[in-house]
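Welcome! Please take a look at the sequence and the structure shown here, then try the exercises that follow.

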Amino acid sequence: MVPSPTTDSNARRERRRERRSRMRLKNVSLAVLSIVAFVLWVHLGSGVTVFRSDVPAEPGWERFRADYKLAYFGDDGQFVRAVQNGYNLVFHTYKYAPRFTRKVAGDQVSACSSCHTAEDLAYAFVNSDRYDRKVGRRVSFEERVQRCYAGPMDGFVPTIYDPAVRDIRLLARAVARHLQLSEGALRGGR
Amino acid sequence: MKARALKYQAILWQHWPRLNGDLVVGLTLALVTIPQAVAFSVTLAGVPPHFGIYAAIWGVLFCALLNPSRVFHGGPNNSMSAAIGVILLPIAPPFGAEYMGYALTLGLMAGLIQLMFYAVRPLGRMLDLISEPVINGFICGIGLFLIFKSLTTFGGLPLNTEVEWPLWIAWHSFLALTEIGNMYAIEIGLITLVTCVIAQQFERLRNWAILLGIAAGTLYSQILTATVGLENTGVEQIGNLASIGFITPSLPIFRQEAMPDIIAIVPGAVTLALLGLFQTVAAMRRMSRKVGGFTDSRRAIFSDAVSNCVLPFLSSLPTCASFNRMWLVHRLGIHSRIAIAISALWVMVLVLFFAGVIAIIPMPAMAAVIILLGINMLKWEDIKPHLKNRREAVVFIGSFLSVLFLDLFEAVILGSIVAIAYAKWEQAHPNISLQGNVLKIRGNIYYGSLPVVESMYHGAIASRDKLVIDLSECYYIDHEGIRWLAAAKRAGKATFIDRRSGSDRRGVADADTADGSSREPGAVVHRRSKPDRRRRSDF
Amino acid sequence: MQPRTRTLVKIGVLVLAAGGFYLLAAHKHAQREEVRQTAVSVTPACVEKLSRYALERGEYYRSPYVVQRTGTVSTRRGYGDEDIRAIQRGCNIMDDTQGRQATDVSRERWNATRFIRGNHAACSHCHQGIGDKQDAKGNRLKGSLSIGASWVMADMYDRFTGLLLPFELRQMQCYINSSNGYKPNIADDVIRDVTAYSRFLSAALDLKIGNHYDEQGIDEIAASDTLKQGDDYVRGEALYKHKCMSCHGRQAFGLEANGRLVAPALAGPNAWNMQSRNYFYYVSTILPGFICRNMPLGQENTLTNQECRDIAYYISNLPRPAGDRQGPIVALKQQFLMTVMPPLLRLTSPDDAEKPAHGTRERVQ
């Protein structure tokens, strides 16, 4: 039988379709592989620090933990980790709260600790939620921290229960326990 | 040498109009996407802004690479971001490192589930059974939900973490806004909202409405900062983006101690995956219908799934198709993946250059943008067609209410079940009419519809000697149906007719029997390509 | 209408709506500020308590309780007018949450009742002694839910919510446990004032941050504190009929007399919901602990541990509202039970004659 023109062109069309689908498969696999390779490079080869959600240990933390007897709250745990994060925030603010401050490492005031010690924070905590003459109303500890971020740290206002604020409160609480402060404790008093 | 340079110049000149067009479209798309990306991540998902920005860069790039459709635009999505926010609310306080880790884990699990939908074909097919009214019902419900959830941020109030989120809380959020909201935040939010809505009224400004609103809000916020001081206004802002570079590799949480929380968010991951898939499939379907052209939705699912599996390692929100942005691309007249990829690069460039400006955008303005987007999701023109048909109306209202009153996960599952169930219910009630002694069945005779068919049949033969059963518009008879027909034949009271002609039908050519109900002029005649399986001799 | 006119009208309406909302917000803010600045009408119980702890304006605060107990003076930071008002309002909210002694609940109690289901629940029903229960000699009682002691041990990890729970959020949980679905925003005055009162109490009692005090929380009763004779529902019902019914009512729906609340509801629409830690199926140690230490009123510490567990188990089986966590279907079911069961039971169960009180029952344990 003589092959009719229609069947001939149909067969050609079929072959073209098959070739196209094979190419498509090749393209897609190439795309996926290149994406995966890119991600692997970013993680391993690019030198950028990988974001992890655990709290990194800064030098000085162990000493701080020993000084303020934080083992009372356990060696590890949610609260202790939050206090550790608070420690990082207070002493290395520019690194751990980069979103809320424009300060960088070289600035004179680059962290909360540039102006406050941990004990200042503890006393501030037990004296918070009181009327503040400068502001004209009762100011909570969180609000005071927010004002610090916005003002002296030349930054922005974090949300009130953002860990950048909460963990500083927890640090203050932990230090206040060590100092055995009670509500309203005054410096130098009993 | 010079000849080659001239040659390249000639090529560039030849493609320049198109490249130029792509650049402009890319820029427009980037300017529209950036505020959305920032707003979604910060207001809805509770993660820092770079999550949304990376979704707008890398998510769009990866989708453009993997999805062959020319109009597909992925990127951050408001429903998925809202879902992330709701799912993680009881898990960790927003914006913290732990929260971000869980968001990445959630995205990764959602991506893997979407990959499963791609790999297992029947699952993907089930998505097609989720009809348009269901998805529109979800979208409308989520639109309302977006409005209510943004109320607290609109007024500078903290979100109530750990608290479940039923709809009626919205009323008390509104009251809290009026009673204890930050007045400066409310002012900024109102200015943004009013500017956006006014700009939307004018055809020319519609694309730029959100940017104008944000500009107005930011301007007012800067005035406040200059006069009153940021410490005193207490207005939250996006925050410093300077430390964020082109890319930030990240690792989702997957530790033993996090297992209870991870297991708790698995239903949330299913919800997230389904939301993304629904929206992608629906957007592709609508675009294909409006624009012409066709891309298999499986390809879209594949591209979504792969990019959602990869994006959690790049500090990014999960992505899915955005019908609004795709429609914008189409209206701007360019149909090419290059333009979409260029928009991702524009986002990168703009963010790097304007980080300082983005940093001072106030959160209430972002909340106002979300409220506006929520209002836009409640378009009456999209809702009206569904309310015309009763079945669609029931399904639409059902899925709309389920989003509002149930947990998101339950809503998605329930909506899907309702859609499928209603379809089956419809099928199970064929249209049966009895005129004289002709019982005409329009629809399918199968186990689901047999009870209805049989009851009408028995009612009919009880009052008549002879009955003619007209199967002309019956499209499908299953084995159970055949058994019933055989029994009816044996009983002897009924005769069967089928007015469809056909030389392809075997058996007795004279379909019209003793009753003389002959082929009427104008009767519908069906020609089948396959031989008619139902032979006369079977009866 | 011309399209342009329509646009203008739309814009006009929008601006009016926005302006109206802004004015409404400004007005409500002014109202709140006015309430914050107004002198507080303190409930009699609060007057007595606050004067006992010498809450006065001054540069320093010296607690008479500390002087009395330890013989030394503790000098702490003093309170200003606004602080004092906040503390007074906090005490009012704890003592009289429903505002029965207030002239205007929405003003004086910050409308706390809109967050609470029914009209029985008040903080001091559980946090007895307005959050500071002491015996006649001034000793603080173990497991008496002292809020001062809670403050100093606050912000710890909470296994029920799986979060570090700030003090304010723990307060929110109290509303969640009894709320009708509405929760106050964390920044609401209703929470800030109670926090202020808790902090004042901890100053007055000179409690140190981070220390554990016996009066914190509940003195819980686990099954291992009993003879493990099984938590018997029927035994619980019998005990309830003897000991609790006269005050709390037959169906435990509470009792009101002469416009006063004799005893609050333990079941039914006015009681805590299934999400509360009082719910025996959720936590089985808290309600028994509360009952044993605080009930019946006037006869505290007379029940055995097993009896307390039985009563708690019985009460938890009575119909109560569902919490948010249970979802809408369970909520509907509970509503149905609360509506249908009481009249059904009244019809079907005859009134049992009161059994005579047991005098010489062996008190094991």
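This is a predicted model: local features need pLDDT of at least 70, side-chain atom pairs count only at pLDDT 80 or more; totals for chains, interfaces and linings use all residues.

Residues are numbered from 1 along each chain as its sequence is written, chains are lettered from A and ligands numbered from 1 in the order in which they are written, and side-chain values use heavy atoms, with hydrogens and water left out.

**Exercise 1.** Describe how helix H2 (residues 49-66) and helix H16 (residues 337-353) of chain B pack.

*Solution.* Start with the geometry: the axes of H2(B) and H16(B) are 9 Å apart, at an angle of about 160°. Axes are lines fitted to C-alpha atoms, for helices over the stretch in contact, and angles run from 0 to 180 degrees between N-to-C directions. Helices (H or I, at least four residues) and strands (E, at least two) are DSSP runs, numbered from the N terminus. Next, the direction: H2(B) and H16(B) are therefore roughly antiparallel (angles over 145 degrees; under 35 counts as roughly parallel). Finally, the residues: among those of H2(B) in contact (heavy atoms within 4.5 Å) are B:Ile53 and B:Trp58, while H16(B) contributes residues including B:Arg337 and B:Met348.

**Exercise 2.** Work out how helix H22 (residues 450-463) and helix H23 (residues 479-491) of chain B are arranged.

*Solution.* Their axes come within 11 Å and cross at roughly 15°. That makes H22(B) roughly parallel to H23(B). Then list the partners: B:Leu450, B:Val453, B:Glu454 and B:Tyr457 of H22(B) meet B:Glu480, B:Gly481, B:Trp484, B:Ala488 and B:Ala491 of H23(B).

**Exercise 3.** How many residues of helix H6 (residues 141-150) of chain A are buried, and what covers them?

*Solution.* First, count: 9 of the 10 residues are buried (under 20% relative accessible area, with a 1.4 Å probe and protein chains only). Among them are A:Phe141, A:Arg147 and A:Tyr149. Now look for the cover, which includes helix H3 (78-91) and strand E2 (137-139) of chain A, as well as helix H11 (230-233) of chain B.

Notes. Angles under 35 degrees count as roughly parallel, over 145 as roughly antiparallel, 65 to 115 as roughly perpendicular and the rest as oblique. Buried means under 20% relative accessible area, exposed over 50%, partly exposed in between (1.4 Å probe, protein chains only).
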